[in-house]
Amino acid sequence: GDTFGLFLKSFGAWTNLTKSQVIKSGNVSVSSTGTMVTFDTPFTETPHITATYATEGVTFNGESGALKIYNKTTSGFSIQIAGSYSSQDVDWIAVGK
């Protein structure tokens, strides 16, 4: 039969998002020294988090390093740009319970 719903691929496996799961998102300015993001309401389990550079147009000014997400907890995470780059806006999304 057919399977319908909202799915998230994390660590190479597809996860079906259930009613008990929560999606949070935001935008933050990130530098090469790191930035802490705190969720407005904590998750009950450490969520899956992904991030990408935020742009509004088709061009992206400047060169930036890879984004590193670390210190993940139920209440937030840290994120930084690898290398020595100026601050950039980053969109993030966290999915969990």
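## Strands, core and salt bridge in a predicted model

Thr52 is partly exposed, at a relative accessible area of 46%; buried means under 20% relative accessible area, exposed over 50%, and partly exposed in between, with a 1.4 Å probe and protein chains only. This is a predicted model in which local features need pLDDT of at least 70, side-chain atom pairs count only at pLDDT 80 or more, and totals for chains, interfaces and linings use all residues. Residues are numbered from 1 along each chain as its sequence is written, and side-chain values use heavy atoms, with hydrogens and water left out.

The predictor's confidence in each residue, pLDDT, runs from 0 to 100. The protein chain has a mean pLDDT of 81, and 71% of its residues reach 70 or more. Confidence is lowest in strand β1 (residues 7-10), with a mean of 63, and highest in strand β4 (residues 35-38), at 96. Strands are DSSP runs (E, at least two residues), numbered from the N terminus.

Thr52 belongs to strand β5 (residues 48-53). Setting aside neighbours within four places in sequence, Thr52 is in contact with Leu67, Val90 and Asp91, where contact means heavy atoms within 4.5 Å. Val90 is 38 residues from Thr52 along the chain, and their C-alpha atoms are separated by 5.6 Å.

Strand β8 pairs with both β3 and β5; two strands pair if DSSP finds at least two bridges between them.

| Strands | Sense | Bridges | A residue and its partner in β8 |
|---|---|---|---|
| β5 and β8 | antiparallel | six bridges | Ile49 and Ala94 |

Apart from neighbours within four places in sequence, Ile49 is in contact with Phe39, Ile69, Lys72, Phe77, Ile93 and Ala94.

The largest nonpolar core has 12 residues, including Val30, Ile49, Val90 and Ala94. Elements giving two or more residues to this core are β3 (22-30), β7 (76-81) and β8 (88-96). A nonpolar core is a set of buried Ala, Val, Leu, Ile, Met, Phe, Trp, Tyr and Cys residues joined through side-chain atoms within 4.5 Å. In soluble globular proteins, nonpolar side chains tend to be buried together.

The structure holds one salt bridge, a side-chain nitrogen of Lys or Arg within 4 Å of a carboxyl oxygen of Asp or Glu. Lys24 and Asp40 form this bridge, with their closest N and O atoms 3.3 Å apart. Lys24 lies in strand β3 and Asp40 in the loop between β4 and β5, so the pair ties together parts 16 residues apart in sequence. Lys24 counts as buried, at 14% relative accessibility, whereas Asp40 is exposed, with a relative accessible area of 71%.

Note on methods. Helices (H or I, at least four residues) and strands (E, at least two) are DSSP runs, numbered from the N terminus.
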